[in-house]
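Subject: Structure handover

Hi,

Here is the structure I promised to pass on. Please open it and keep it beside this email as you read.

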Amino acid sequence: MSPVGIVRHPTSKKGRTMSNPRKPRVAKKPPTVVVSTVLPVAACAMSAMLRNERRYDAYRLDSGERVEEALVGPESAPVRVVTMRTADRGQLAAALALAHVCGLFEPRFVAMVDVAGSIDRRVDVGDVVIADSVIHYEPRRVTADGPCRRAVVHAVTPTAGRIVQDLLSSMWEAVFADRDHAGGSMFRLHHGGIGSGDAVVTDAESEIRAFLRSVNEKTLAVDTESAGFTHAYQEYAERMPFLKGWFVIRGISDRADRDKDHDRHRIAAVHAADVLRTLLPFL
């Protein structure tokens, strides 16, 4: 028997070392997905999801942020999910949060999971939108005739896009059972564009809605963070080769009109976290 710590390469009958000895197997580290949330209700939804998974842990960083993480999925192919809430609402906070977590955790994927307003009649309150692109509607030139908006579009990365397509292809119909309610209500998963800017849209006739439809008629929802999140990703991706893609998953809490309120924030956030959990095995 070989002494501990020494590996003897197999030899041929003539005693010569074989040119391609089998290498010992090395356990792979599970891929890391870092999830950013914005509203407290979205942070609570992610926390509730992670608490049901293996090796759940919660702690504070030296900089003060609360972090929660767990291993999600089968033991043979787990995914490490780390979640942290942004310091504030808005594009700048989302961008800074992404830069911070990438430096700390070196994730393979990053995700933003929160709520948004629907601007498409087919997307109901309680449904979930997963973005194929994020359209930043704030860049504009101010003229005497009014503002001329210039959209900046961040398309999902090819790797992340294939993962989402794998998820959608595995489903006969993108309908989820609401596991949070005994009544068994259902909600749908939609795939399309998300408009993002600093303005909170609460007008069904807003020119922002019209502009987004002119850029991409399949724009489904609006929020106030995703543009900063995806712009920061593009800035850092070249310098951080471990990054392979981003996901923006938004539960629909209102219709971005005069009736906008907070009554459906919780259920929208729970549904968004549920969709993320369903996506993870496809990474």
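Below is what I found, from the whole chain down to one residue.

First, a caution: this is a predicted model.

The whole chain
The protein chain has 283 residues, and 48% of them are buried. It holds six helices and 13 strands. Take the contacts in the chain with a separation of 6 or more: 71% of them join residues 24 or more positions apart. The chain exposes about 15600 Å². Carbon and sulfur atoms supply 50% of that area.

Helix 1 and helix 6
Find helix 1 at residues 40-50. Then find helix 6 at residues 265-279. Their axes come within 8 Å and cross at roughly 45°. The crossing is right-handed. On the helix 1 side, the contact is made by V41, A42, A45, M46 and M49. Helix 6 brings H265, R266, A269, V270, A273, L276 and R277. By class, this contact has nine nonpolar residues, one polar and two charged.

One residue to look at
S47 also sits in helix 1. Is S47 buried or exposed? Its relative accessible area is 8%, which is under the 20% cut-off, so S47 is buried. What does S47 touch, leaving aside residues up to four places away in sequence? The partners are Y56 and E68.

Best wishes

How values were computed: Residues are numbered from 1 along each chain as its sequence is written. This is a predicted model: local features need pLDDT of at least 70, side-chain atom pairs count only at pLDDT 80 or more; totals for chains, interfaces and linings use all residues. Side-chain values use heavy atoms; hydrogens and water are left out. Helices (H or I, at least four residues) and strands (E, at least two) are DSSP runs, numbered from the N terminus. Buried means under 20% relative accessible area, exposed over 50%, partly exposed in between (1.4 Å probe, protein chains only). Contact means heavy atoms within 4.5 Å. Axes are lines fitted to C-alpha atoms, for helices over the stretch in contact, and angles run from 0 to 180 degrees between N-to-C directions. A crossing is left-handed if the near helix is turned anticlockwise from the far one by less than a right angle, and right-handed if clockwise. Ala, Val, Leu, Ile, Met, Phe, Trp, Tyr, Cys and Pro count as nonpolar, Asp, Glu, Lys and Arg as charged, and the others, Gly among them, as polar. Accessible areas come from the Shrake-Rupley method with a 1.4 Å probe; for residues, only the protein chains shown count as cover.
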